Amino acid sequence: MHGLMMGSPLLISSLLTHAERHHGATEIVSRRTEGDIHRYTYRDLARRSRQVANSLLAAGVKPGDRIATLAWNGYRHLELYYGVSGIGAVLHTLNPRLFPEQIAWIANHAEDRFLFFDTTFAPVVEALQPHAKTLERWIALADIARLPSPTAIAGLESYEAFIGGASDVLEWPLFDEGTASSLCYTSGTTGDPKGVLYSHRSTVLHSYAAALPDALNLSARDAVLPVVPMFHVNAWGLPYAAPMVGAKLVLPGPGLDGKSLYELFESERVTVSAGVPTVWLGLLNYVTAGDLKFSTMRRTVIGGSACPPAMLRTFEENYGVQVLHAWGMTEMSPLGTVGVLKNKHAGLSREEQYAVQYKQGRAIYGVDMKIVDDMGRELPQDGVAFGNLLVRGPWVIRSYFKGAGGDPLEDGWFPTGDVATIDADGFMQITDRSKDVIKSGGEWIGSIDLENIAMAHPGVAMAAVIAVRHPKWDERPLLVVVRKPGVELTREEMLRHYEGKIAKWWTPDDVAFVDTIPLGATGKMLKAKLREQFKDYRLPTA
Ligand code: ADP
């Protein structure tokens with residue numbers, strides 16, 4: 001017997017319709033590439049998104065066509081989020097931090113038709129244009145007076161001119177909620193990048209989950225500033241979840257340095273933010289140096305790579321900002337787990353609570369999760385056994401775009417490539433990426449723990465632990481450290497810092513001091529590059 005309720009499809013356009021009708025006057029504030037602050041409301045966003053949709057339809061864009069962006073977090077990018085997906089076309093957010101040739105490869109693979117880009121990326125667009133095979137139109141997110149000039153971009157158009165003449169009247173079309181809505185390529189640290197194709201259904205369900213109190217806890221009382229870029233897994237879903245709950249949105253544009261961010265946090269009374277640890281390092285340095293405080297910020301989501309415990313403590317103890325340590329991946333839209341304490345933790349000491357918060361958190365409903373051994377046998381949730389982490393659920397990938405890489409699933413589960421423990425309360429802790437684990441004498445050493453300890457040393461700006469060949473143990477850990485400016489720090493002091501904190505055999509065999517650690521396009525340490533750099537390194541123990 002079927003239920004007798006409406007079968008309204010879960011469409012992205014419904015988020016916008018809801019925000020326009022019920023939160024129409026709520027603000028969206030953007031720092032523009034033009035340098036000024038732009039403010040308007042959800043009502044304006046809805047109106048201009050309909051103009052975008054009408055312009056795309058008039059230009060011959062059909063359902064399923066891929067429309068690409070190379071853009072910062074800003075209101076025009078948001079209009080494309082809704083205008084493109086709303087008519088059944090696919091929004092493809094390209095990552096401008098990749099090399100132009102890589103971007104062109106991805107755009108060609110996706111067969112993108114139009115490219116909308118921020119004027120700051122004009123040089124990138126100039127470099128990629130000769131390699132792009134399917135792009136037909138090149139539209140800068142600016143009015144005619146502000147088009148980049150001089151420029152080598154052939155056929156350059158202005159976004160404001162493109163949408164300017166279009167009607168803002170449109171009935172958003174209804175279609176199957178399984179329709180593709182947006183496309184994001186994984187960074188491809190191994191092999192070619194692969195496309196993850198989200199649907200309207202997966203996106204809307206993910207937004208519901210993201211807003212839950214034990215997830216990002218979003219509401220109409222919040223002002224949300226996503227530092228995480230809208231080209232990095234849809235800014236972790238915030239451009240969809242904010243209109244769903246009617247939260248104010250603050251979009252930082254290209255200003256991701258500590259000073260610019262801090263100014264926006266304060267002037268726009270931001271309550272929630274989200275970003276990768278490397279961004280927060282910059283912000284914390286700025287705030288600490290100026291002896292500043294956050295007057296309205298309550299929570300920040302930190303994920304994408306492990307939040308160093310020292311950072312978590314600094315936010316909570318010095319600034320009264322709750323850290324929501326989150327884990328996920330492009331293939332998961334991206335949210336999987338968030339680390340919010342349970343009632344049973346309320347009576348624990350602060351130290352014991354921190355020990356729980358350092359973990360990557362509990363699964364949000366919608367993400368089913370388990371750990372298995374190399375034979376695929378499920379391991380106990382005792383917080384000790386660690387194994388390959390598998391996930392499944394309505395916003396987890398089933399297949400990569402165009403079937404790239406074959407069937408990724410194992411028995412209906414998606415193998416995340418992460419190695420983790422899960423404790424009896426459901427808190428998951430990543431011990432490593434499976435390819436970053438250090439295999440010493442048949443035993444595994446997790447690099448994340450070792451990096452966290454190093455990062456807690458006051459003289460350390462950044463730290464990575466990688467495997468280096470060892471004649472006896474096969475692999476042993478090498479600690480690679482970037483010192484804070486002007487700090488003297490020796491190998492001996494660094495190694496002493498590990499005493500009593502870990503099993504002795506986990507201690508790195510050596511320390512290498514470097515000026516920089518290579519970062520990838522989403523701000524993560526490129527360990528594969530580091531391993532390459534140190535591949536002939538001779539450990540003193542070898
Ligand atoms: P890519 O895998 O292409 O680098 P993603 O953004 O999809 O890009 O990265 C997902 C991976 O990032 C996860 O599988 C995990 O290894 C790592 N990651 C994400 N969040 C965390 C976290 N909180 N702690 C540790 N690792 C994390």
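Some ground rules first. Residues are numbered from 1 along each chain as its sequence is written, and side-chain values use heavy atoms, with hydrogens and water left out. Because the model is predicted, local features need pLDDT of at least 70 and side-chain atom pairs count only at pLDDT 80 or more, while totals for chains, interfaces and linings use all residues.

## The sheet

Helices (H or I, at least four residues) and strands (E, at least two) are DSSP runs, numbered from the N terminus. Nine strands form an open sheet with mixed pairing, in the order E2-E1-E11-E10-E12-E13-E14-E15-E16. At its edges stand E2 (37–41) and E16 (362–363), each with a single partner strand, so one side of each has no neighbour in the sheet. Two strands are said to pair if DSSP finds at least two bridges between them. Strand E15 (residues 335–338) and E16 are joined by two bridges in the antiparallel sense. Within E16, Arg362 is the bridge partner of Val338. As background, strands of a sheet pair through backbone hydrogen bonds, either parallel or antiparallel.

## Helix H7

H7 covers residues 200–211, 12 residues in total. From first C-alpha to last it reaches 17 Å, close to the 16 Å expected at 1.5 Å a residue; the expected span is 1.5 Å times one less than the number of residues. How enclosed is H7 by the rest of the structure? Largely, because nine of its 12 residues are buried. Buried here means under 20% relative accessible area, exposed over 50%, and partly exposed in between (1.4 Å probe, protein chains only). The buried residues of H7 include His200, Ser202, Thr203 and His206, and Ala209, Ala210 and Ala211 are also among them.

## Backbone details and cysteines

Most residues other than glycine have a negative phi, and most peptide bonds are trans. Some places in this model depart from that pattern. The bond from Ser149 to Pro150 is cis, with omega near 0 degrees, and Pro150 sits in the loop between strand E6 (137–140) and strand E7 (156–158). Another cis peptide bond joins Ser333 and Pro334, with omega about 5 degrees. Pro334 belongs to the loop between strand E14 (322–328) and E15.

At 7% relative accessibility, Ser333 counts as buried. Asn217, also not a glycine, has a positive phi of about 55 degrees. Asn217 lies in the loop between H7 and strand E10 (223–226) and is partly exposed, at 32% relative accessibility.

As for cysteines, Cys184 is buried at 3% relative accessible area, and Cys307 is buried at 1%. With a disulfide taken as a pair of cysteine sulfur atoms within 2.5 Å, the count is zero.

## Cavities and a pocket

On a 1 Å grid over the protein atoms alone, a cavity is a set of points where a 1.4 Å probe fits but cannot get out, and a pocket is an open set with protein on both sides within 12 Å along at least five of seven lines; lining residues have an atom within 4 Å of a point. Grid points are joined across faces, edges and corners, and a volume is the space filled by probe spheres set on the points.

The whole structure holds two cavities of 30 Å³ or more. In the table, Ala, Val, Leu, Ile, Met, Phe, Trp, Tyr, Cys and Pro count as nonpolar, Asp, Glu, Lys and Arg as charged, and the others, Gly among them, as polar.

| Space | Volume | Lining by class |
|---|---|---|
| Largest cavity | about 130 Å³ | five nonpolar, six polar, five charged residues |
| Second largest cavity | about 50 Å³ | two nonpolar, six polar, no charged residues |
| Second largest pocket | about 490 Å³ | 12 nonpolar, six polar, one charged residue |

Of the 16 residues lining the largest cavity, Arg32, Thr33, Gly74, Tyr75 and Asp118 are closest to its centre. Helix H3 (75–86) and strand E1 (27–31) each give two or more residues to this lining, and H3 gives the most, with three.

Which residues line the second largest cavity? They are Tyr198, Ser202, Thr203, His206, Asn234, Gly237, Tyr240 and Ser333. H7 gives the most to this lining, with three residues.

The second largest pocket has 19 lining residues, with Leu281, Asn285, Met455, Val460 and Lys484 nearest its centre. Helix H11 (277–289), helix H12 (309–319) and strand E23 (460–470) each give two or more residues, and H11 gives the most, with six.
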